[in-house]
Amino acid sequence: MTAAWAAVVAVGLATIAIKAAGTLLLAGRTPPPRARAAMEHLAPALLAALVVTQALGGEHGGFAVDARLAGLAAGAVALAFRAPLLLVVTVAAATAAAVRALG
């Protein structure tokens, strides 16, 4: 087993342990209101962090302004107009493809 696969297995086991610990520690109990409020905002914050990282991430940790950012902006505009999710993804992908083709 290579070091990369060992790391994948270790991270997978750690993820399973963390998820199991949450279930076991809270078994039948509800968390306090402040903890529940924090948990409600955790998923959108993580999703936003992933989107920004993927849209602006460049080589060696730098920033890159390229077709991905144009696609994200087009998708955001489609969301502002309350377009269906499939249309939002299509608009974002088509915009990114067009910018790459022209650039």
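Author: The largest pocket holds about 210 Å³ of space. On a 1 Å grid over the protein atoms alone, a pocket is an open set of points with protein on both sides within 12 Å along at least five of seven lines, whereas a cavity is a set of points where a 1.4 Å probe fits but cannot get out, and lining residues have an atom within 4 Å of a point. Grid points are joined across faces, edges and corners, and the volume is the space filled by probe spheres set on the points. This is a predicted model, in which local features need pLDDT of at least 70 and side-chain atom pairs count only at pLDDT 80 or more, while totals for chains, interfaces and linings use all residues. Residues are numbered from 1 along each chain as its sequence is written, and side-chain values use heavy atoms, with hydrogens and water left out.

The lining of the largest pocket consists of Val51, Gly71, Leu72, Gly75, Ala76, Leu79, Leu85, Val88, Val89, Ala92 and Ala93. By class, 9 of these lining residues are nonpolar, 2 are polar and none is charged; here Ala, Val, Leu, Ile, Met, Phe, Trp, Tyr, Cys and Pro count as nonpolar, Asp, Glu, Lys and Arg as charged, and the others, Gly among them, as polar. Helix H3 (67–80) and helix H4 (85–102) each supply at least two residues of this lining, where helices (H or I, at least four residues) and strands (E, at least two) are DSSP runs, numbered from the N terminus.

Leaving aside its neighbours within four places in sequence, Val88 is in contact with Gly75, Ala78, Leu79 and Ala83, contact meaning heavy atoms within 4.5 Å.

Not counting residues up to four places away in sequence, Ala78 touches Ala83, Val88 and Val91. From Ala78 to Ala92 there are 14 residues in sequence and 8.4 Å in space, C-alpha to C-alpha. Ala73, which is found in helix H3, is partly exposed, with a relative accessible area of 43%, and its C-alpha atom is separated by 9.1 Å from that of Thr95, 22 residues apart along the chain.

Between H3 and H4 there is a loop, and Arg82 is found in it. Arg82 has a positive phi of about 60° although it is not a glycine, and it is exposed, with a relative accessible area of 77%.

To place this part in the whole, the protein chain has 4 helices and 0 strands. The radius of gyration of the protein chain is 19 Å, well over the 13 Å that the globule rule gives for 103 residues, so the chain is more spread out than a compact globule; the radius is taken over C-alpha atoms, and the rule is 2.2 Å times the number of residues to the power 0.38. Of the 103 residues, 12% count as buried.

How values were computed
Buried means under 20% relative accessible area, exposed over 50%, partly exposed in between (1.4 Å probe, protein chains only).
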